[in-house]
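Trainee: Could you walk me through this one step by step? I would like to ask questions as we go.

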Amino acid sequence: MSQPHDSGSLDQEAQQQLIQEIGRTIALALPPGWQAANVEYRQVGSHRELVASLLAPNGTEIPIAPPGDVMALFTRLRAGMYEPERGTWVSALYRLQRPGSYTVDFNGDHEPAWRTAPPAEAYAQELHRFPRTGSVVPEWLAQRAGTPQPGDQRPSLRTAAVFDRDGRPITQRPAVEPGLHEQLLAYLESAPIVLAARSFDADRLDPAGEAAVPLTFHTDGSWIWPGAVGYYLRRHGVAPEDELVEHIRRSGFRLPEVDEPTRERVVAEITGEQRS
């Protein structure tokens with residue numbers, strides 16, 4: 001379940017006070033004789049960046065070391081401006097002009113021009129810390145967090161096949177990288193079970209052994225997979241479908257919350273397939 005955002009909300013007056021404090025902190029750190037300066041703060045999840053520059057009279061930007069103290073103020077402002085269901089901004093451009101004018105542009109929709117690419121898990125962290133309703137999650141953020149981007153219709157569900165060819169227990173998929181094996185298994189086996197039988201199926205790669213393959217179906221709200229997918233990965237090293245593996249990697253191996261309507265839709269999808 002999504003957790004509350006990191007800080008309490010700030011009312012308009014408190015926001016303005018903090019914005020002015022940021023401006024004073026920036027101004028005190030600038031070199032003598034400056035006339036105009038830009039400071040941009042960018043954040044997604046735990047990834048943060050702060051860049052600063054002076055503006056020459058001809059408009060040229062001269063990079064300078066950003067005032068370190070201001071990063072904590074931007075972080076606090078960002079958390080305080082969170083709005084339930086709408087999220088918060090991912091970058092803020094603060095423009096200062098002597099003697100005391102300033103403007104601040106907040107961007108909550110477009111991906112910032114990162115100096116260093118954020119780690120994959122930062123995007124899922126962002127939606128975990130500052131939840132947004134699906135209709136206001138930008139496409140770039142949804143894709144990098146492994147969350148389907150809703151449109152006018154609910155996103156389609158993908159169902160993973162256990163093997164490559166129907167009726168024959170073979171696969172031509174590349175082996176799972178050793179470092180990902182346990183993370184994939186944890187994701188596959190910990191996802192909610194929406195359908196389950198009390199019995200077990202025969203192991204098609206060990207037909208002489210006891211029936212041990214779980215007759216279950218799991219989902220993360222985007223994909224559906226039989227419990228056999230995790231079983232064959234654990235028991236025989238059979239990799240899941242490439243696209244399912246990539247989907248799990250993009251999510252940072254973090255399972256999203258699957259609400260009850262989605263679970264009901266998944267069950268309908270499974271039983272519909274079984275009737276066809």
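Trainee: Does glutamate 49 count as buried or exposed, and at what relative accessibility?

Mentor: A note before we start: this is a predicted model, in which local features need pLDDT of at least 70, side-chain atom pairs count only at pLDDT 80 or more, and totals for chains, interfaces and linings use all residues. Residues are numbered from 1 along each chain as its sequence is written, and side-chain values use heavy atoms, with hydrogens and water left out. Buried means under 20% relative accessible area, exposed means over 50%, and partly exposed lies in between (1.4 Å probe, protein chains only). Glutamate 49 therefore counts as buried, at a relative accessibility of 7%.

Trainee: How many residues apart in sequence are the parts tied together by arginine 158 and glutamate 243?

Mentor: These two form a salt bridge, with their closest N and O atoms 3.0 Å apart. Arginine 158 lies in strand 6 (residues 158-159) and glutamate 243 in helix 7 (residues 242-250), so the pair ties together parts separated by 85 residues.

Trainee: And where is glutamate 177, the residue linked to arginine 249?

Mentor: The two side chains meet in a salt bridge of 3.2 Å, N to O. The pair links distant parts of the chain, 72 residues apart: arginine 249 is in helix 7, and glutamate 177 is in the loop between strand 6 and helix 5.

Trainee: Now the open sheet: what order do its five strands have?

Mentor: Helices (H or I, at least four residues) and strands (E, at least two) are DSSP runs numbered from the N terminus, and two strands pair if DSSP finds at least two bridges between them. Strand 3 (61-64) and strand 5 (101-107) each pair on one side only, as edge strands. Between strand 1 (residues 36-44) and strand 4 (residues 91-97) there are seven bridges in the antiparallel sense. With antiparallel pairing, the five strands have the order 3-2-1-4-5.

Trainee: At about what angle to strand 1 does helix 2 run?

Mentor: Axes are lines fitted to C-alpha atoms, for helices over the stretch in contact, and angles run from 0 to 180 degrees between N-to-C directions. Helix 1 (residues 12-29) lies across strands 1, 4 and 5, at about 60 degrees to strand 4. Helix 2 (residues 69-80) lies across strands 1, 2, 4 and 5, and its angle to strand 1 is about 55 degrees.

Trainee: Leaving aside its neighbours within four places in sequence, which residues is glutamine 15 in contact with?

Mentor: Glutamine 15 lies in helix 1, and it is buried because its relative accessible area is 11%. Contact means heavy atoms within 4.5 Å. Apart from those neighbours, glutamine 15 is in contact with Leu10, Leu77, Gly80 and Met81.

Trainee: Why is helix 6 largely enclosed by the rest of the structure?

Mentor: What covers its buried residues includes helix 5 (181-190), strand 8 (213-219) and strand 9 (223-226). Among those buried residues are Tyr231, Tyr232 and Leu233. Helix 6 (residues 227-236) is largely enclosed because the number of its 10 residues that are buried is seven.

Trainee: Which residues touch the most other members of the largest nonpolar core?

Mentor: A nonpolar core is a set of buried Ala, Val, Leu, Ile, Met, Phe, Trp, Tyr and Cys residues joined through side-chain atoms within 4.5 Å. Of the 23 residues in the largest one, those touching the most other members are Leu188, Trp225, Tyr232 and Leu244.

Trainee: Where does the largest share of this core come from?

Mentor: Helix 5, strand 9, helix 6 and helix 7 each supply at least two of its residues. The largest share, five residues, comes from helix 6.

Trainee: How many residues are in the second, separate core?

Mentor: Its members include Leu18, Ile26, Ala52 and Ala92, and the number of residues in this second core is 22.

How values were computed: Salt bridge = Lys/Arg side-chain N within 4 Å of Asp/Glu carboxyl O.
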